[in-house]
Amino acid sequence: MRSLIILFLFVSLSSAASAQSLSGPVEGFIFDAPTKSLRAVDGFPGSATFGPALVSGVEYGSVAPHKNYAIAFEDGHCLFVSGLGSGHVSRAPLAGVFGQPDGAVWSSDGTVAILYSFSGNWIQTVAGMPKAPRANTYRNLSVLGGSLSAVAADLDGQQIAIAVHGPKGGVYLTKLNQEFIPLAEMANPIALSFSENGANLYVLDGGGLKLAVITISDWTSQVHPLTGLRDPIAILAGHDTANQPVIFVASGTDRVAAVYSLVSQKIETTIRLGFQPTGLQNLGTNSFALGSRSKLGDPLWLFSTAPRPAVYFVPAAAGAASKGVE
Amino acid sequence: MRLQWFGRSVLLGAGMAALGLAQTFPLQMVATSNGIVLTIPNGQQIPFAASVGQNQIIQVTATYAGSGKINIPAIPKVYGSNAFTATLAGTPPLTLNPGDSFTFDLVFRPTSTAEVTAIFNLPFTETVPGTGSGNPPPVVSTNAITLNLIGTSPSFQVSYIKDGNAISLANGGTMVFDPQPINTTVTLTVDILDNGSATGQINNITVTGKAFLLVGRPLLPTSVPSGQQLPVGIQYTPTAAGTDTGQLQITFGDGTTLSVGLQGTGTAPTLVYTLVQSGKSTIVKPNGTIPLPDTNVGSTSSLVVRVQNTGNGSITIGSISTAAPFQVTGAPLLPKTLNTNDSFQFTLTFAPTASGAQLGQLLIGADLFNLTGNGLGSSLQFSYVADGVTQTIGTNGVIAVVFSPVQVTKTASIPITVKNTGTLPAVVSNIAIQGANSPFSVSGTPPLPKSLAGGASFSFTVSFAPTAATSATDTLLINTTPIPLSGSGTAPPTLPAYTISGPSGTVAPNSQPAVTLTLASPYPVAINGVLTLTTSGTLGSDPAVQFTTGGRTVPFTIPANGTVANFASQGNQILLQTGTVASTILLTPSFATAAGVSLTPSNPPTLEFTVPAEAPVLIAATVAASTANSVVLNFTGYSTTRSLTALNVQFTAAAGFSLATSQVTVPLTQQATVWFESAASQGFGGQFTVSVPFTFSGTPPTGTALLQTIASVSATISNSVGASNSVTSPIQ
């Protein structure tokens with residue numbers, strides 16, 4: 001038995017220079033399509049509001065999860081935007097990007113972004129963020145014989161999973177600039193998500209409305225039915241308040257946000273939505289964007305996992321799109 | 001003593017009167033002529049007047065006024081002029097006893113118009129018994145009737161003046177007037193001159209013939225002294241072309257008569273109008289009708305009108321005129337004089353601009369002609385019925401379709417009839433209301449384009465649904481014909497009661513409740529409304545207090561005949577954020593029709609609820625940064641009082657370790673005041689993140705970082721109201 005170590009906890013309580021500070025909570029930063037801007041989501045879900053546009057005139061943007069930098073496209077040019085919320089936003093051209101993507105996924109640590117295009121059937125990684133962002137070689141996925149349907153990255157972006165649908169559909173794994181390794185045959189894989197530790201890859205199988213769990217180390221897999229969901233469209237691996245691994249699931253036409261417990265292998269929480277969710281996108285420490293805004297009057301719907309699973313709206317942001325950095 | 005006898009003033013012999021004083025003439029004489037009886041003395045000058053060849057007889061009756069006897073031995077004698085003769089009644093010798101009479105005639109028969117004189121002498125003796133004593137012997141004296149005879153004779157000469165020349169008129173002659181335009185008058189003067197030696201008498205003057213008239217006729221009979229003349233006028237007024245005759249008759253005092261024929265010629269032009277069309281000629285008379293051929297609207301047809309003077313008088317045409325749709329071209333320069341047989345022509349054109357019968361008039365000088373033509377084409381007529389009366393647009397002052405006042409939310413409809421009153425088919429291609437967002441609308445129109453035969457019609461409906469309590473106008477277009485529309489709206493029905501359902505009383509901060517709005521009963525028209533959110537309180541306004549749609553106003557609609565409000569087309573409920581600042585939140589609705597007529601009651605019911613001032617709430621505790629022996633912890637939460645007093649932190653040692661000091665209270669009053677009074681905090685309401693660095697000191701086991709000895713941290717935070725819930729975060 002280790003002896004008890006008595007520690008003296010010392011806290012600087014100097015009245016001359018208080019170390020504690022107060023500020024307003026910022027849930028995260030997000031690309032707002034209707035206003036074509038990068039904005040902060042100020043406050044926490046339930047009392048959050050859109051902040052003013054930090055960068056305007058952005059045709060597409062993607063913010064690194066829980067970070068203050070992003071990849072953006074302006075007039076067809078790719079930019080690396082940093083310093084969001086700092087009062088000093090900077091933009092730097094990011095050369096070598098193939099084109100404006102349909103979307104982007106990030107590694108959990110925010111150092112790698114995978115740009116992808118469903119229509120163009122390609123992916124391209126941007127690594128080295130935030131200090132030295134660089135675009136890697138663009139990769140055309142037509143060689144795989146299917147159409148890209150999902151992309152996921154692990155903790156540090158070293159492993160990238162893609163899903164293609166079609167007669168030769170399936171899930172593939174690649175490491176940076178390496179060959180695509182087929183992990184599973186699947187005609188209609190809809191969504192992908194690495195577990196928080198990167199050991200597993202979760203696949204949403206649209207063919208059977210099932211959740212496939214692929215162990216990366218040995219490529220074994222298990223399939224779990226998503227009973228009760230009729231139209232799952234997105235998944236995101238996370239943990240609950242008990243720090244247990246869960247899969248957050250968004251189901252489209254049945255307007256449901258669900259929490260699937262990997263421990264109990266069943267849906268533990270179902271939240272009925274008054275809107276149709278469009279995806280799951282990291283925003284805050286305990287929140288995801290559940291429904292993106294398509295027009296100015298739309299709110300941003302958030303799925304908050306703490307203190308308990310709940311869905312909140314962020315009121316619609318005001319103002320039309322404009323050019324420039326605010 | 002002067003007598004008037006036979007027009008002559010006669011001075012009865014004053015000399016004879018003087019003589020009479022000296023000797024009394026034994027015969028008393030009385031002259032009689034033409035019923036006039038006059039006592040004449042011996043030696044009297046007796047005037048005679050008679051026309052040449054005519055007799056004037058004066059019978060003298062002498063009566064013996066003496067006391068003896070008169071003996072007339074022989075017939076009388078007349079000395080001087082053969083124009084006088086005398087005849088004695090009886091055969092001399094004649095003896096007259098006292099009181100006896102005898103007569104003799106004096107006859108004047110002039111043979112010339114000159115004045116003549118003669119003496120009448122009739123000797124006689126008178127035996128008068130002597131007077132005195134002694135049987136005186138009778139006294140015998142000789143004497144004679146002596147009369148001075150003067151004879152004159154009137155003579156008339158009749159003439160007339162024409163062209164300044166005197167033209168004699170003899171009995172049986174003719175007085176000729178120059179050709180005279182009909183209906184005009186000329187007067188010639190007739191002079192009746194007495195060129196004789198005696199005053200003549202005119203008993204009568206007459207004129208016959210309907211074209212002739214005697215003017216200046218004096219009172220008749222009248223005398224014309226010798227050398228004087230009597231003028232009268234003969235007026236000629238022909239009323240028709242052609243010869244006029246009459247007669248002038250003058251009856252003189254001597255019974256003679258002068259008869260003169262009167263002759264004149266009325267002159268008049270006669271215009272003959274001939275229509276020439278397609279080689280065919282037709283005569284038309286004034287006041288007649290000139291038909292023009294059927295002509296398509298927009299086209300023309302024409303004919304030639306020839307004007308010829310076939311009369312015996314000239315005429316001047318001053319003007320030729322007509323009016324649309326008829327026109328005159330090619331007319332000569334006017335005024336134009338047409339003598340007999342002269343002519344001119346012009347073209348008469350028909351250019352209809354509308355279909356149907358067209359009427360007009362052509363005026364040539366004073367001659368009027370009726371023009372007719374038929375425009376071939378279509379003509380659309382528009383009408384509607386109001387209060388049972390058909391109103392035809394464009395007639396009787398009807399220029400618009402007028403609706404009676406209509407209450408906002410209601411609709412009135414009027415059927416409109418389109419009729420082709422023309423002769424050719426009409427095509428209706430467009431029926432529309434001109435204005436955008438008009439309260440007027442059309443319905444029931446046939447499929448367009450629609451061909452409408454002549455005489456055919458169709459109907460459709462124009463509706464008026466006023467959107468405001470004011471007058472409204474617009475234009476109905478049928479093809480391109482604008483028909484004004486007019487109507488007025490009256491105030492809409494009162495809005496029914498309504499209920500705003502949502503949070504009430506005290507509501508939890510940081511919540512997102514739903515609100516609905518429902519009418520107690522349906523409203524007949526769609527309602528546009530706005531729900532407005534206001535906050536009040538002493539701690540400022542939390543910008544997080546908004547509707548889902550952003551901002552503090554959200555539009556809603558309630559469909560016609562519905563009761564449930566639809567918010568921003570997103571459903572029948574709207575979510576709002578209550579924020580994190582103690583305040584009173586008030587929801588106030590406003591209502592209006594689609595056109596903006598306000599329906600909001602004067603004191604609209606509202607929904608009010610309160611976010612209370614309460615103890616803070618912690619949302620999360622997170623490790624913001626850490627080193628081997630330090631950690632920065634973030635505590636996120638909200639305080640509706642916008643104040644904090646202290647943060648109480650409790651560290652929990654990892655298994656196998658214990659902490660000498662595990663609880664720390666961090667005073668926050670001052671920093672919280674600075675934060676919540678700062679401009680930066682205004683955008684966060686009562687939200688905060690307290691960031692506190694903690695540094696640990698101690699001696700952990702080798703290979704163990706100091707921070708690894710701490711498992712987790714829990715914290716509460718407090719304000720003036722109380723302490724918050726506890727949040728926990730693992731340190732590792």
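The following dialogue goes through a few features of a predicted model and how to read them.

Q: How are residues, chains and ligands labelled, and which residues count towards local features and totals?
A: Residues are numbered from 1 along each chain as its sequence is written, and chains are lettered from A and ligands numbered from 1 in the order in which they are written. In this predicted model, local features need pLDDT of at least 70 and side-chain atom pairs count only at pLDDT 80 or more, while totals for chains, interfaces and linings use all residues.

Q: What is pLDDT, and what does chain A average?
A: pLDDT is the predictor's confidence in each residue, from 0 to 100. Chain A averages 87, and 91% of its residues score at least 70. Over residues 1-18 of chain A the pLDDT is below 50, and the model gives this stretch 37 contacts beyond near neighbours in sequence. Two residues are in contact if their C-beta atoms, placed from the backbone, lie within 7 Å. Residues 320-326 of chain A also stay under 50, with 19 contacts beyond four places in sequence.

Q: In which strands of chain A is confidence lowest and highest?
A: Helices (H or I, at least four residues) and strands (E, at least two) are DSSP runs, numbered from the N terminus. The lowest mean, 38, belongs to strand E30 (residues 324-325) of chain A, and the highest, 96, to strand E7 (residues 70-74) of chain A.

Q: How do strands E23 and E24 of chain A pair?
A: Two strands pair if DSSP finds at least two bridges between them. Strand E23 (residues 245-251) of chain A and strand E24 (residues 256-261) of chain A are antiparallel, with six bridges. Ser251(A) has Val256(A) in E24(A) as its bridge partner. The two strands E23(A) and E24(A) form a hairpin with four residues between them, and Arg255(A) in the turn has a positive phi of about 50 degrees.

Q: Which residue in the turn between E24(A) and E25(A) has a positive phi?
A: That residue is Gln265(A), at about 55 degrees, in a hairpin with four residues between E24(A) and E25(A). E24(A) pairs with strand E25 (residues 266-272) of chain A in the antiparallel sense over six bridges, and Tyr260(A) stands opposite Ile267(A) in E25(A).

Q: How many residues does each chain give to the contact between chains A and B?
A: Chain A gives 36 residues and chain B gives 57. On the side of chain A that touches chain B, E1(A) gives the most, with five residues. By class, that side has 20 nonpolar, 14 polar and two charged residues. Here Ala, Val, Leu, Ile, Met, Phe, Trp, Tyr, Cys and Pro count as nonpolar, Asp, Glu, Lys and Arg as charged, and the others, Gly among them, as polar. Three bridges join E2(A) to strand E63 (residues 687-697) of chain B in the antiparallel sense, and Leu22(A) has Val690(B) as its bridge partner there.

Q: Is Ile431(B) buried or exposed, and why?
A: A residue is buried if 20 or more other C-beta atoms lie within 10 Å of its own, exposed if 12 or fewer, and partly exposed in between, with C-beta atoms placed from the backbone. Ile431(B) is buried because 21 other C-beta atoms lie within 10 Å. Beyond four places in sequence, Ile431(B) touches residues including Val442(B) and Phe460(B).

Q: Is Pro129(B) buried or exposed, and why?
A: Pro129(B) is exposed because 12 other C-beta atoms lie within 10 Å. Pro129(B) sits in the loop between strand E12 (116-128) and strand E13 (139-152) of chain B.
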